[in-house]
Each structure stands twice: as structure tokens, then as C-alpha cells.
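Here's a quick walk through one protein model, from the overall fold down to a few side chains. Take a look at it first, then read on.

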Amino acid sequence: MPVRPWQSEPAGCSADEGSWADVSYGLGLLYEQEDDLESAARWFRQAAECGRPGAAIRLSAVLGRLADERAAGPARPLLAEATRWLSEGMDTTRPDAIGMITDMLDRHQRAAARSALEPAGAR
């Protein structure tokens, strides 16, 4: 799954597209329930870019799960994007936010450990 570079302005979102963000979010939930994480991430990303409440958090969680399924190298961009959405998507002083941030840090550490165990030629 390609990681989308950060943009300061949401792509293709306007004030009257709130319903599109809701539809995108709903599709993300549907694909997440079906365990199609790449499709879920694509829809959550669209909803998050349009400012749909909760979409950034769901996107971060799905990207984290995708990173867990991949090897250390390909996981790093997913973890970086997940961390960015997590930091933008919630009040980081809430206990549930602290738990999610801790989980994301654990994912980063696991990816780094896997990377350290790879033979030098595999990187």
C-alpha cells in the first residue's frame, strides 16, 4: 500500500462534502470488519483528510495493524503515517490516547528490532 505524502490542505474536500466523509468513514468500518485493511485504510484516509471526526484514529489503528503484518522495512512508512494521524487525531492527554500512543511506540520498537535481526544483504 503506498503511503500518501503529507499535505497541508485536504485533497478534494469542501464544507459541503461532509456527507462524503461520512460515507468514506462508513466504508472504512465495513472493510475493517471484513479484515480488508488496505481498503479500510484507503477509505479512512479519505474521511480523515476531509476532517471526519474519528477517522484519523481509525486510520492510525488500521495502518498499525498493516505494519504488524509486514516486514520491518515496508512497515516503517506505515508506522510513520499512523503516528502522524494519531498525533493529529486526538487529545493526547486523555487516558485512551495515551494507550494508543504507547501501542504505536511498541509497534515502532518491534519494527526496529525486526530490522536489526535482518541479514545485512536483505535490507
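Residues 24 or more positions apart make up 59% of the contacts with a separation of 6 or more in the protein chain, a contact being heavy atoms within 4.5 Å. Keep in mind that this is a predicted model, where local features need pLDDT of at least 70 and side-chain atom pairs count only at pLDDT 80 or more, while totals for chains, interfaces and linings use all residues. Numbering starts from 1 along each chain as its sequence is written, and side-chain values use heavy atoms, with hydrogens and water left out.

On to the fold. The protein chain has 5 helices and 0 strands, so named as DSSP runs (H or I of at least four residues for helices, E of at least two for strands) numbered from the N terminus. In order, that reads α-α-α-α-α.

Of the 123 residues, 34% count as buried, meaning under 20% relative accessible area, with exposed over 50% and partly exposed in between (1.4 Å probe, protein chains only). The accessible surface of the chain is about 6900 Å², and carbon and sulfur atoms hold 57% of that; the areas come from the Shrake-Rupley method with a 1.4 Å probe.

What about the inside? The largest nonpolar core has 23 residues, and Leu59, Val62, Leu63 and Leu66 touch the most other members. Such a core is a set of buried Ala, Val, Leu, Ile, Met, Phe, Trp, Tyr and Cys residues joined through side-chain atoms within 4.5 Å.

At a relative accessible area of 11%, alanine 56 is buried, and its C-alpha is 8.9 Å from that of serine 87, 31 residues away in sequence.

Now the rings. A search of the whole structure turns up 2 aromatic pairs (Phe, Tyr and Trp rings, the six-membered one for Trp, with centres within 6.5 Å; planes under 30 degrees apart are stacked, over 60 edge-to-face, the rest tilted). One of them is edge-to-face: tryptophan 20 and tryptophan 43, 5.9 Å centre to centre with 65° between the planes. Tryptophan 20 belongs to helix 1 (residues 18-33) and tryptophan 43 to helix 2, 23 residues apart. Buried or partly exposed, which is tryptophan 20? It's partly exposed, at 37% relative accessibility, whereas tryptophan 43 is buried at 17%.

Finally, the charged end of arginine 52 sits over the ring of tyrosine 25, 3.9 Å from its centre; that label needs NZ of Lys or CZ of Arg within 6 Å of the ring centre and within 35 degrees of the ring normal.
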